[in-house]
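Hi,

Here is the structure I said I would pass on. Have a look, and then read my notes below.

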Amino acid sequence: MNLNTITELKRPSSLADIGVWRDGYSFLAGGTWLFSEPQVAVDTLIDLESMGWTSLSATESGLEIAATCRVAELHAFVTPPAWQAASLFHDCINAFLMSFKIWNAATIGGNICMSLPAGAMISLTAALEGVCTLWPQNGPPREVSVVDFVTGDHQNVLQHGELMRSIHLPASALAKRAAMRQVSLTQLGRSAALVLATVAEDGSDFLLTVTAATPRPIQLRFTAFPTTDELRHALDRRLPLDAYFQDVHGSAAYRQHITPYLAEQIRAELA
Amino acid sequence: MSRYDVNGRLYAAEPQPGECLRSFLRSLDVFGVKKGCDAGDCGACTVHIDGKPFHSCLVPAFRGDGCKITTIEGLAETGEWHPMQKAFHDAQAFQCGFCAAGMIMTAVTFTDAQRADLPHALKGNLCRCTGYRSINDALHGTCNIEPDVAGNALGASLANPFTSEILTGRARYTMDIAVANLLHLKVLRSPHAHARITGIDRSQALSIPGVVAVYTWEDVPKRLFSSALHEDHLVDPDDMMLLDDVVRFVGQRVAAVVAETEAAAEAGCRALEVEYEILPAVFDPVVAMQPGAPQLHAKDHLSNSGNIFCTLAGEIGDVAQGFAEAFAIHEQTYSTTRAQHVHLETHGSIAWKGADNRWHVRTSSQAPFAAQKKLAYVMGIPARDLHVFTERVGGGFGGKQEMVSEDLVLFATIKLNRPVSWEWTREEEFIAATTRHQMTTKVKIGARKDGTITAMDVEVVSNTGAYGGHGSETLGAAMASPIAAYRCKNKKGIGHAVYTNMTPAGGFRGYGASQTTFAIEQAIDELAVLLGIDPFAMRRRNVVMPGDNIESIWQEPSDASFGSHGIDECLDIVERELAKGNGIVKPEGADWLEGQGVALAMLECGPPTEHRSGAEMRLLPNGTYHLACGSTEMGNGITTAHKQIAAHILGTRIEDIDIINADTDRTPYDTGTFASTGTVVGGKAVHLAAEAMMADILAFASRHTGVALDQCRLDNDAVFCGNRRLSLSELHAAGTAVDHRFSVNRRAYLSPRTIAFNVQGVRLAVQRVTGEIRVLHSVHAADIGKPINPMQCRGQLDGAVAMGYGWALIENMVHDDAGRMVNPQLRNCRIPSFADTPHTDVFFANTIDAIGPLGAKSQGECGINPVAPAVANAIANATGLRFAHLPFTPDRLFARLAAHS
Ligand SMILES: Cc1cc2nc3c(=O)[nH]c(=O)nc-3n(C[C@H](O)[C@H](O)[C@H](O)COP(=O)(O)OP(=O)(O)OC[C@H]3O[C@@H](n4cnc5c(N)ncnc54)[C@H](O)[C@@H]3O)c2cc1C
Ligand code: FES
Ligand code: FES
């Protein structure tokens with residue numbers, strides 16, 4: 001929709017071009033959330049496309065995803081065969097409510113910075129132990145893991161004017177086996193729960209990531225492959241009813257009911 | 001200047017910095033780009049940027065700079081249709097057509113993998129009309145149409161006459177015109193459910209550049225009216241004003257701002273300073289009926305005391321005695337949800353003063369004549385000075401049987417003497433347009449051991465919201481056909497329509513009957529289970545038959561009568577098809593439970609209140625015909641049906657009949673296209689007019705040639721008088737020479753009303769842990785008389801059944817404790833997508849009606865009614881649990897499923 005309060009568009013090619021941050025500024029990535037709701041508090045859009053960052057680079061150490069990388073680019077990306085967990089890329093992208101046409105515009109950074117429980121790129125990058133590089137307004141870049149980046153529904157650690165530059169997925173995580181389950185109240189709809197896990201080839205380092213069911217991603221790490229009961233108890237301990245998210249896409253009670261069920265399915269698949 | 005290449009044409013233009021590509025393209029008069037949501041959910045705005053598909057409402061316009069942009073208008077590069085347009089044509093993969101451009105622009109980009117996985121590929125494209133069946137057909141190359149051959153019009157699956165305009169983006173929906181000197185109107189809506197406005201400071205708003213005027217309750221005529229549109233305005237309470245000093249629901253209009261741009265009008269709304277005195281609010285109709293509940297309306301506006309707008313009660317026979325005779329009794333309270341129509345084209349109107357010194361209102365309405373009368377009354381101007389019309393309407397479903405956008409634009413245009421436009425947002429549709437009435441229905445029903453129903457007692461509480469339009473009519477419908485569908489000597493009922501501080505409810509496909517059908521059809525099943533009788537047998541034993549009294553809880557003589565009777569056949573079809581199966585097995589695993597259910601619905605074809613329609617026909621100089629009928633085409637296919645009725649009588653092709661509809665200047669009067677009257681009333685008028693046209697032609701031909709009338713006959717484009725053939729154009733010329741005009745006008749009235757039936761069968765699987773429901777087999781049988789156009793009839797049923805599934809399984813308008821809707825976006829308040837919509841096998845009973853025109857009955861509405869109860873019955877059959885309250889979303893089912901297993 002038209003954002004009729006916008007009076008200025010900046011197209012910087014570096015952080016310095018932006019100048020001093022003030023209220024009313026907003027970074028514009030794909031624009032797929034920004035243009036989907038009125039943004040009456042915003043008067044200036046700062047386009048990140050003009051930064052010209054390389055979307056994806058695969059190295060020995062892992063995958064470097066620019067914040068401005070489009071979902072469609074990640075979908076089309078051909079990963080090295082050793083990265084078994086890259087199967088999650090398609091799984092998570094398909095878990096979005098958004099259509100494939102929105103993938104052409106929406107960015108990975110935009111999705112993480114939106115910090116919605118149903119942010120499937122949060123699910124993906126959190127499960128794959130991603131680390132974000134953030135560029136504060138002043139001061140040196142800092143690194144924060146994706147799990148810690150998101151602090152709640154539509155809440156994260158970004159400070160005033162701070163920019164997300166990239167997300168790094170370590171090769172060690174990408175090399176693990178992985179599985180994912182999602183549930184929605186409608187067919188192919190918005191996630192009520194999206195649960196993932198990765199595990200090392202030898203069954204150690206089982207890392208369960210609960211997303212969508214909770215306001216922020218929750219991770220449970222098991223050095224040895226957990227039994228059904230161990231997994232269930234760990235989840236129950238970590239996630240009481242009030243730790244679950246409640247909205248029109250699923251009640252907290254439903255999410256509490258469904259999360260251990262999905263986790264157990266994943267456990268069984270990876271066993 | 002930025003440079004845009006749009007469909008091969010270059011534009012040098014500078015969009016606003018926050019403008020989206022959708023609205024920028026429309027500002028270049030590229031109107032094929034539609035708005036269904038403006039938020040990325042519906043896909044109606046899909047365009048290609050350098051060959052890739054995007055939702056243009058989400059794309060900042062500046063990103064199109066230097067790119068090649070293709071819209072539906074530019075898809076057929078060489079002038080030849082794109083194969084996808086041809087496929088949509090052949091499959092008739094649209095009804096109102098509002099989604100078609102976006103569907104096509106999306107589908108043409110599909111890879112083979114996407115074509116093989118349409119549920120995913122079509123995630124971002126919503127269609128409210130078709131149930132996606134015909135869209136699926138288009139994507140599989142199915143042809144659903146037959147050729148237009150003279151003499152074969154009746155019962156032929158002919159293409160919608162506006163197909164090429166719709167599929168090329170040339171069709172002009174309400175907002176698809178450029179008007180010079182246009183002003184834009186926006187309203188500020190109430191954040192409170194109940195408040196008195198104690199002050200509005202408009203100075204800040206008026207100082208915003210571009211703002212031309214601000215209107216509040218102080219400026220408008222103090223005339224009470226109802227936004228509901230009916231033939232008789234007295235069936236709805238006059239309980240609202242253009243702008244009021246009391247707001248009674250969150251979303252009610254507080255003030256209107258008119259400005260040079262939409263942006264300025266919005267800024268003006270934000271700048272208004274309104275002081276409210278908050279009043280206590282009530283949302284639950286049962287609470288609202290209690291003494292001491294907050295009162296919504298001054299007493300003299302009401303036909304009854306307190307918040308009860310209307311009570312309907314009656315008893316036939318002796319219900320107490322009937323229960324005494326019963327072997328088994330079932331008693332349960334059922335409830336249904338409010339729902340939004342989500343016609344893809346939002347409400348909107350444009351008004352201006354014409355060179356003829358009259359006011360013209362271009363609008364998206366199901367009832368332009370009723371709107372004209374009402375507007376004339378509210379504005380205090382003669383109706384003859386007012387022209388209300390539609391061009392293409394993007395869906396209605398009852399939501400446009402309501403005067404909610406015409407009034408303010410007309411008011412502003414009269415005040416300002418400039419054209420004024422107002423286009424609603426999707427959010428406004430959710431919070432401020434009408435919804436289906438939420439109803440709670442208590443049913444008590446008893447039967448003898450053999451299944452014979454001995455007594456029925458039904459109690460309905462309907463939440464009519466802040467205003468009472470349609471409140472009594474829907475309640476009347478709720479207390480009528482679903483109860484009358486069963487033969488029983490002893491019936492009793494009471495229903496209340498109650499004011500609350502909720503969004504006002506209104507007419508919605510199924511109109512009150514859907515709600516009670518939901519309750520009664522489940523009660524019938526429960527009773528059958530108690531008695532150990534098969535649900536089909538239970539219905540066969542008790543459903544009304546010719547010879548029975550068609551009566552609910554009153555014994556007054558009724559004009560409903562059987563012009564035909566196809567319920568037996570419908571039940572047989574559904575039973576047979578479910579037994580035969582469709583080869584789709586339930587998902588693997590012990591967590592999936594399977595069950596099947598059936599429900600029926602009866603429809604009296606037309607409202608019990610007045611309804612009339614007129615049609616006019618002329619022979620044109622070139623020997624073709626002109627037909628004018630007041631009915632609205634909104635995807636219901638009524639123009640095709642009307643042309644076919646006329647073509648059948650006149651033995652010609654539908655292409656040789658041009659049609660104009662829903663226009664108070666250019667067509668005869670029509671009450672409005674609602675209550676399933678397009679065929680049985682409008683169609684009857686057309687039928688009579690076409691017969692009169694033929695009689696007129698033959699009589700003139702006989703006089704002109706001196707050949708006896710019984711020797712003259714019409715043959716497509718000519719008359720034969722004896723052996724002499726005169727083409728219709730020659731005949732016309734001969735007539736003109738002696739001032740014979742070849743024009744006729746006929747009127748039709750609705751009475752008696754015939755009876756139609758629909759039966760829905762569902763086999764489904766329930767996942768007992770996740771609560772997910774998968775429909776495995778969906779069968780629908782309709783007793784709608786002779787289908788004038790089988791393809792269209794099937795399409796109406798596909799769409800109605802899909803809406804039924806949406807209501808049962810998906811749609812959920814959620815409000816907080818303060819009466820605010822929590823999810824007024826399609827993203828959060830879902831309607832069925834392709835993935836959600838099961839394929840339904842549709843069958844027609846082989847009935848020819850003795851009352852309806854050419855054997856036809858109503859068919860646009862009733863398909864929805866049996867769906868939700870059939871789903872509920874199937875869930876009960878699968879799980880052993882009765883879920884009596886809509887919607888059946890997994891998070892509302894899981895707890896009882898878990899406790900049960
Ligand atoms: C139909 C539809 C369906 C959707 N479905 C989903 C869904 O299933 N799950 C989901 O999570 N979201 C969904 N969204 C919301 C949204 O589109 C996505 O979250 C998307 O990934 C956002 O990315 P973007 O690049 O378009 O962000 P934008 O809209 O451009 O920006 C989003 C926000 O993030 C900020 N931002 C963007 N990039 C950066 C950066 N690099 N550094 C700092 N701040 C930044 C922006 O300032 C803005 O506040 C949906 C949206 C629509 C319209
Ligand atoms: S108008 Fe763009 S997706 Fe609905
Ligand atoms: S035809 Fe698809 S929305 Fe009307």
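Chain A has 10 helices and 14 strands, counted as DSSP runs numbered from the N terminus (H or I, at least four residues, for helices; E, at least two, for strands). Keep in mind that this is a predicted model, where local features need pLDDT of at least 70, side-chain atom pairs count only at pLDDT 80 or more, and totals for chains, interfaces and linings use all residues. Residues are numbered from 1 along each chain as its sequence is written, while chains are lettered from A and ligands numbered from 1 in the order in which they are written.

On overall shape, the C-alpha trace of chain A spans about 55 × 40 × 35 Å along its principal axes. Buried residues account for 51% of the 271 in chain A (buried means 20 or more other C-beta atoms within 10 Å of a residue's own, with C-beta atoms placed from the backbone).

Now the sheet. Five strands of chain A form an open sheet in the order 4-5-10-6-7, with antiparallel pairing; strands count as paired if DSSP finds at least two bridges between them. Strand 4 (56–59) and strand 7 (142–145) of chain A are the edges, and each has a single partner strand, so one side of each lacks a neighbour in the sheet.

Inside the sheet, strand 5 (residues 62–66) and strand 10 (residues 163–170) of chain A are joined in the antiparallel sense by five bridges. For G62(A), the bridge partner in strand 10 of chain A is P170(A).

Cheers

Technical notes
Buried ≥ 20, exposed ≤ 12 C-beta atoms within 10 Å, placed from the backbone.
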